[in-house]
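Trainee: Could you walk me through this one slowly? I would like to start with charged side chains and then move on to other things.

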Number of protein chains: 2
Amino acid sequence: MYGTVCYYMLHEIAGKITEGCDIMNIQFKKGVLELCALALLAKKNRYGYELVNEISRSISISEGTIYPLLRRLKNDGYVTTYLQESKEGAPRKYYQLTESGKEMERQLKEEWLNFVKQVNSFLKGGAKDE
Amino acid sequence: MYGTVCYYMLHEIAGKITEGCDIMNIQFKKGVLELCALALLAKKNRYGYELVNEISRSISISEGTIYPLLRRLKNDGYVTTYLQESKEGAPRKYYQLTESGKEMERQLKEEWLNFVKQVNSFLKGGAKDE
DNA sequence: ATTTAGTATCTTGCAATGTATGGTACTGTA
DNA sequence: TACAGTACCATACATTGCAAGATACTAAAT
C-alpha cells in the first residue's frame, strides 16, 4: 500500500504526454508495442520498468501492458532474463534478446513498414474508383 | 448453402495477396481498419462488399470483420446507409459518411500519422541511452 | 428446371491483447 | 516508523479481428 501513489503518478504522466490522441490510440497500439519493446531491446538490455518509461514517453502505456508482454516474449523464446540488484529499490529483471528475438525484431520491423505503406495508400490517393 | 464455395474463394485470394505478412498483421490491423474504411468512404459512398474487396487488395481481411465494423460506425453516427438494387445479386447497402464521420476521418488520419512517426522513432534511432 | 457460381449481407463464438485496478517488496530519508 | 520512490506482478474486463456458417438474390450452365 506504500508505493501506490507513485504508481498512479507514472500513469498520469504517461497519459498527459500523448494527450489529444486518446480516441483510438488504444487500438493503434495493439501489436505494435511488441515491436517497440523488441526494437528497444535490440539496442541494449533493459529492465521492465525502464521499458515502460522509455515507451511511455511517446506512446501512452501502463505497466499492466508491458509485464504480460514481456512474459509472452519470454515464453516464446524471444528473450531471456537475468536479475540484477539495484541501489534504489527492488532488484531489476533485465531482458535480453535471443537470436530468434533478433530475427523476430527484423521481421516485424519490415512488416510494420510495409503495413504502414499500405495504409497510407488508402489515406492518400485512396483506391482508384474503378 | 449455394454461394458458400465462392465465399471461401474470396478469403483464399485475400490471404494470398498479403502472404508472408501473417505473423502479426492481425495485431497491426486492430483499429486501423476503421480508419481505412472511413478514408475510403470519404472518397465516395460504397457498399460493404465493395469495401471488403478494396481493402483486401492491400490488407488481408474478411467480411466478418467489415460488417460488424460498419454496424459500429452506424451506431456511433459516423455513417448513414441506404439500400440500392443491383442487377447482379442481392441489394447493396451503401454507406455514406455523416459530418461527424468526416470529422472523425480527419482526426483519425492525423492521429495515425502521428502514431506512425512515434513508432518509427523507436525503430530508427531508438530512445537515446540516457 | 435444377444446379452452380457470383454477388451481397449478417450472426455467433472465439482468441488476442491492452487497460484498470490493486497488490507485493525493497531502499533510503525524514 | 512512516513515506516516497523504484520495481515487479496478477486478475478481471473491454475491444475488436477472425473463423465458420447461414441466408438471399441473379444469371449462366447443364
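Mentor: Gladly, and keep in mind that this is a predicted model.

Trainee: Are B:E50 and B:R46 buried or exposed?

Mentor: B:E50 has a relative accessibility of 11%, and because anything under 20% is classed as buried, that is how B:E50 counts. B:R46 is buried as well, with a relative accessible area of 0%.

Trainee: Why would two such side chains pair up in general?

Mentor: Side chains of opposite charge can pair when their charged atoms come close.

Trainee: How many salt bridges are there over all chains?

Mentor: Over all chains, the structure holds 16 salt bridges. Another of them brings together the side chains of B:E88 and B:R92, again with 3.6 Å from N to O.

Trainee: And how exposed are B:E88 and B:R92?

Mentor: B:E88 counts as exposed, at 67% relative accessibility, whereas B:R92 is partly exposed, with a relative accessible area of 22%.

Trainee: What about B:E105 and B:K109, how do their side chains meet?

Mentor: They meet in a salt bridge too, with 3.7 Å from N to O. Both residues lie in helix α6 of chain B, which covers residues 99–123, and they are four residues apart, which is about one turn of the helix. B:E105 counts as buried, at 8% relative accessibility, while B:K109 is partly exposed, with a relative accessible area of 26%.

Trainee: Which residues do salt bridges with shared partners join into one network?

Mentor: For that we turn to chain A, where salt bridges that share partners join A:K44, A:R46, A:E50, A:E54 and A:R57 into one network.

Trainee: Staying with charge, which residues gather in a patch of positive charge on the surface?

Mentor: The patch is a gathering of A:R71, A:R72, A:K74 and A:K93. Helix α5 of chain A, residues 63–75, gives the most to this positive patch, with three residues.

Trainee: Where is A:K93, then?

Mentor: A:K93 has its place in strand β3 of chain A, which runs over residues 92–97. With a relative accessibility of 39%, A:K93 counts as partly exposed.

Trainee: Changing topic, how many helices and strands are there in chain A?

Mentor: Chain A has six helices and three strands, and if you read along the sequence they follow the pattern α-α-α-β-α-α-β-β-α.

Trainee: What can you say about contacts in chain A between residues at least 6 apart in sequence?

Mentor: If you take those contacts, 51% of them join residues that are at least 24 apart in sequence.

Terms used
Residues are numbered from 1 along each chain as its sequence is written. Chains are lettered from A and ligands numbered from 1 in the order in which they are written. This is a predicted model: local features need pLDDT of at least 70, side-chain atom pairs count only at pLDDT 80 or more; totals for chains, interfaces and linings use all residues. Side-chain values use heavy atoms; hydrogens and water are left out. A salt bridge is a side-chain nitrogen of Lys or Arg within 4 Å of a carboxyl oxygen of Asp or Glu. Buried means under 20% relative accessible area, exposed over 50%, partly exposed in between (1.4 Å probe, protein chains only). Helices (H or I, at least four residues) and strands (E, at least two) are DSSP runs, numbered from the N terminus. Patches are made of residues with over 30% relative accessible area and no salt bridge: like charges are joined within 9 Å, nonpolar side chains (Val, Leu, Ile, Met, Phe, Trp, Tyr) within 5 Å. Accessible areas come from the Shrake-Rupley method with a 1.4 Å probe; for residues, only the protein chains shown count as cover. Lys and Arg count as positive and Asp and Glu as negative; His and the chain ends are not counted. The place of a charge is taken as NZ of Lys, CZ of Arg, CG of Asp or CD of Glu. Contact means heavy atoms within 4.5 Å.
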